[in-house]
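Subject: Handover of a structure

Dear colleague,

Please find below the structure that I am handing over to you. My notes on what was found in it follow.

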Amino acid sequence: MKLSPKLAIFSSSAAAAAAACVLVSEKSIMTSEYNLKTDKVSSPLRVVALSDLHFSSFGRDNKRLIEAVEKAEPDIILLSGDFFDFRSGRSNGDIVVKTLKALSSVARTYMSPGNHELRYNIKTGKNCFEYAENAGVTVLNGEYRDIEIKGQKVRIGGVYDHAAHIEDFADWHESKVYSFLREFENTPSLTLLMLHRPNTFIYTRDLYKDEVWDIGAVFSGHGHGGIWRVPFLGGVYAPEQGFFPEYDRGEYSFGKTKMYLSSGLEGYYFVPRLFNRPEIIKLIIDK
Ligand SMILES: [Fe+2]
């Protein structure tokens, strides 16, 4: 069948527009800025949080990503997992190592594992956490550090939430994650937590309604913002939550705890992002 000239022009314009949408959604980084008020700081602190790079590159050696981070002028950089990627054909960690080195020269950088780091180590027999440490990044997996930033006491923690589905929370109060989080929050310092999967707080909020958490800020990812975003409806799909997830990206409250859920930097397996720009989070914490 031969297309009429008008139909041919319309079809090629529609294809070009769709390609442009995918390109912008995949490669045009945006910075989402939030403010957190707390009496645990005496002067402003700037946190930049990133998630879900999955070996991607924004320009050669992630030049555009590093520039976007520098522009946010972070006092500290927190990486909430899935910077590496376990999938076959994507086992070269060089780009991540270069990116981690560049980030750690911008500001002190901490990282917690995502599901991909854990699977990467199992699948390749390598240790991506060693690569990260050698690149100047402190890896926290079920650990925390008490540090000072600009003369202010801050507790930085990282943990991988093992539980993906609601039934895993039957023994929640006996779990290692629970006791880690309770110990972590027990300090007069400002607390900042990297937690790749947001599930822990989402599911336990419904199960244990009287549970009160007092963590300053939690930085999560994993859902890639719903991968595709539909106007007025938000993200289309997030692992474990399913279609049109309630928690796709943005700021959420769990008791006294704020969660900043990033839409990350990459697509999901072979599915490109759509109407969902790669995101870096900038959180300004002030009294
Ligand atoms: Fe991811």
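A residue is called buried if 20 or more other C-beta atoms lie within 10 Å of its own, exposed if 12 or fewer do, and partly exposed in between, with the C-beta atoms placed from the backbone. By that rule, 39% of the 287 residues of the chain count as buried.

Please note that this is a predicted model, in which local features need pLDDT of at least 70 and side-chain atom pairs count only at pLDDT 80 or more, while totals for chains, interfaces and linings use all residues. Residues are numbered from 1 along each chain as its sequence is written.

The chain has seven helices and 16 strands; these are DSSP runs numbered from the N terminus, with at least four residues (H or I) for a helix and at least two (E) for a strand.

An open sheet is formed by six strands in the order S1-S16-S2-S3-S4-S5, with mixed pairing. Two strands pair if DSSP finds at least two bridges between them. At the edges are S1 (30-37) and S5 (138-139), each of which pairs on one side only. S1 runs parallel to S16 (residues 279-286), and eight bridges join the two; Asn35 has Ile284 in S16 as its bridge partner.

Further along, S2 (residues 45-50) is parallel to S3 over four bridges, and Val47 stands opposite Ile76 in S3. S2, helix H2 (residues 63-71) and S3 make a right-handed β-α-β unit: with the strands pointing away from the viewer, the path from the first strand over the helix to the second runs clockwise. S3 is also joined by four bridges to S4 (residues 108-111), again in parallel, where Tyr110 is the bridge partner of Leu78.

In a regular strand the side chains alternate between the two faces of the sheet. In S3 (residues 76-79), Ile76 and Leu78 point one way and Ile77 and Leu79 the other, and all are buried.

Which residues touch the most other members of the largest nonpolar core? They are Val47, Ala49 and Leu78, in a core of 55 residues. Such a core is a set of buried Ala, Val, Leu, Ile, Met, Phe, Trp, Tyr and Cys residues joined through C-beta atoms within 7 Å. Leaving aside neighbours within four places in sequence, Ala49 is in contact (C-beta atoms, placed from the backbone, within 7 Å) with residues including Leu78, Phe219 and Ile281.

Note on methods: Contact = placed C-beta atoms within 7 Å.
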